[in-house]
Amino acid sequence: MKKTLVIVITASLGLVLKAEETNQNQHPVSITLSSAVADKYLFPATGFALSHNPVVQTDLLLTHKSGFYVDLWNSRSLRGKWNDGNLGNEIDYGIGWNGTIKGLTVHLGTTYFDEPSAFSFGAGDIFYNHARIGKDFKHLTITAGYENYVTMPESGFQGGHLISLTASKNFSFFKDK
């Protein structure tokens, strides 16, 4: 059941993104609102469980045709109170830019993770900065990435740097339908 739900949500988001891609040529700003329910909150790329409780995670993304974006992301634990210090409760404020420079795809951004007590800026929070530069070749894309986590005082989290090099291949399952 869970796998089916994930597949349906992913397919739906793909259709929404394709519709937005078509409309982006007509409007200077695109607005994307998405929401998902999960049985726990896993930290991306690590699998570390920030919360073993079910969560609702919602994202509001405003993207300008120039490539600049503003992102507001929220996770809300379905157990406990909104601001009880549970790591399932979080608000992230992000800004960045996606674009192309001299044939390279570039993504630059910074996000402030307001956790575990929302609206208590400082103690426990994290700044996340990232840069990715990619080059498309005939059969694959090579991307170099740099990520930096800067923890605020009393966060209890470790900060640090992540450097990555990835190779990927995109293809359409539905031949652009």
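## A nonpolar patch on the surface

Val29, Ile31, Leu33, Leu60, Leu62, Val70, Leu72 and Ile95 come together as a nonpolar patch on the surface, with about 690 Å² of accessible area between them. Patches here take residues with over 30% relative accessible area and no salt bridge, joining nonpolar side chains (Val, Leu, Ile, Met, Phe, Trp, Tyr) within 5 Å and like charges within 9 Å. Accessible areas are Shrake-Rupley values with a 1.4 Å probe, and for residues only the protein chains shown count as cover. The elements giving two or more residues to the patch are strand 1 (29-38), strand 4 (55-64) and strand 5 (68-77).

Strand 1 puts in the most, with 3 residues. Val29 sits in that strand, and it counts as partly exposed because its relative accessibility is 41%. The cut-offs are under 20% for buried, over 50% for exposed and in between for partly exposed (1.4 Å probe, protein chains only).

## Where the model comes from

This is a predicted model, so local features need pLDDT of at least 70 and side-chain atom pairs count only at pLDDT 80 or more, while totals for chains, interfaces and linings use all residues. Residues are numbered from 1 along each chain as its sequence is written, and side-chain values use heavy atoms, with hydrogens and water left out.

## The overall picture

The protein has 1 helix and 10 strands, running α-β-β-β-β-β-β-β-β-β-β along the sequence. Both are DSSP runs numbered from the N terminus: helices are H or I with at least four residues, strands E with at least two.

Of the 177 residues, 27% are buried. The accessible surface comes to about 12000 Å², and carbon and sulfur atoms hold 65% of that. Among contacts (heavy atoms within 4.5 Å) with a separation of 6 or more, 38% link residues 24 or more positions apart.

## Glu90, a buried charge

Glu90 belongs to strand 6 (residues 90-101). Glu90 is buried but has no salt bridge, and the nearest side chain of opposite charge, Arg76, is 13 Å away. A salt bridge would need a side-chain nitrogen of Lys or Arg within 4 Å of a carboxyl oxygen of Asp or Glu. For charge, Lys and Arg are positive, Asp and Glu negative, and His and the chain ends are not counted.

What the side chain of Glu90 does have is a polar contact with the side chain of Tyr41, at 2.8 Å. That term covers N or O atom pairs within 3.5 Å; within protein, one must be able to donate a hydrogen and the other to accept it, and residues adjacent in sequence count only if both atoms are side-chain atoms.

## Lys102 in its loop

Lys102 lies in the loop between strand 6 and strand 7 (104-114). Its phi is positive, about 50°, although Lys102 is not a glycine. Most residues other than glycine have a negative phi. Lys102 counts as exposed because its relative accessibility is 83%.
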